[in-house]
Amino acid sequence: MEGRLPVKGNEQERPSLRTQSRDEGKQATLERIREAVKRNKEAKLTSLYHHVYNVEHLKAGYFGLKKKAAPGVDGETWAHYGEKLEANLADLAGRLARGAYRAQPVRRKYIPKPDGRQRPLGIPALEDKIVQSVAAHILSVIWEEEFLGFSYGFRRGRNPHQALNALTVGIEQKRVSWVLDADIRGFFDTISHEWMVKFIEHRIGDRRMVALIQKWLKAGVLEEGQWTWSEAGTPQGGLISPVLANIYLYYTFDLWAHHWRKQKAQGEVIVVRYADDCVPRRLSE
């Protein structure tokens, strides 16, 4: 991490006992994937997709969803889907296994931003949320071994408090020459699908896993009854979007920033990034 260790009260987030009891099988799978990545950080993983259509993994994904979350275009709620959970998950797993699963378009919703503008959110259908949850955990485990210390957003054991702690120590306890606050305008809506797939393929050689991610990228948006095909971007609100955003920014920003401050910068530079918000600081030499 940049700056300093987390202050008291900002300990790493821990899963509840209820969650632990429900997803022990999933955690064991993720640990095996993590060990495979550690053994060879250059190799592509070629056998991942079967973990996605594992019924127990899908069940853990279902129980990890917010029970009162707004429904997507399917109108399906967490409670109603759970009335026939075993049958529904078995059907979903079967469609995933034989390639019959189809990602549905996200339902567009807007929420106000502090500056008066509207932030577009994309609400996936319930089954898409379940599958995305499983896939997001797999991708996170793979790239967590590569992500750099100054990235704080959407990572296990990382939170906004830690990012603020790092920012605070740089400003209050160091001699600062300048501070740059940067934000990528419309980042989630402008992610290149072509480059996103190339970055995913850097570590994943399982074609079915890559194709699954492409289904979500191209599912489109339904707004006021009109479907729009997605030429770029990944919707804010999708469970897969945060990890895809981190992967994209790792290759397009983090590696560049790390190389620049080591090879080009004059003096020490501290970087703090939370999703697409970034604060580089140059310290006095």
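Residues are numbered from 1 along each chain as its sequence is written. Because the model is predicted, local features need pLDDT of at least 70 and side-chain atom pairs count only at pLDDT 80 or more, while totals for chains, interfaces and linings use all residues, and side-chain values use heavy atoms, with hydrogens and water left out.

Student: How many salt bridges does a search of the whole structure find?
Tutor: A salt bridge here is a side-chain nitrogen of Lys or Arg within 4 Å of a carboxyl oxygen of Asp or Glu. Glu56, Lys59 and Glu86 are linked in a network of such contacts. For the whole structure, the search gives a count of 10.

Student: Is glutamate 146, which forms a salt bridge with arginine 203, buried or exposed?
Tutor: The closest N and O atoms of glutamate 146 and arginine 203 are 2.6 Å apart, and the pair, 57 residues apart, links distant parts of the chain. Buried means under 20% relative accessible area, exposed over 50% and partly exposed in between, with a 1.4 Å probe and protein chains only. Arginine 203, at 1%, counts as buried. Glutamate 146 has a relative accessible area of 15%, and is therefore buried.

Student: Which strand holds arginine 273, the partner of aspartate 254?
Tutor: The side chains of aspartate 254 and arginine 273 meet in a salt bridge at 2.8 Å, N to O, and both residues are buried. Helices (H or I, at least four residues) and strands (E, at least two) are DSSP runs, numbered from the N terminus. Aspartate 254 lies in helix 12, so the pair ties together parts that are 19 residues apart in sequence, with arginine 273 in strand 7.

Student: What volume lies in the second largest pocket?
Tutor: On a 1 Å grid over the protein atoms alone, a pocket is an open set of points where a 1.4 Å probe fits, with protein on both sides within 12 Å along at least five of seven lines, and lining residues have an atom within 4 Å of a point. By class, the lining has four nonpolar, three polar and eight charged residues. The space in this pocket is about 320 Å³.

Student: Which residues are closest to the centre of the second largest pocket?
Tutor: Strand 2 (118-123) and helix 9 (187-190) are the elements that give two or more residues to its lining. Of the 15 lining residues, the closest to the centre are Lys113, Arg117, Arg119, Asp183 and Gly186.

Technical notes. Points joined across faces, edges and corners; volume = space filled by probe spheres on them. Nonpolar A, V, L, I, M, F, W, Y, C, P; charged D, E, K, R; others polar.
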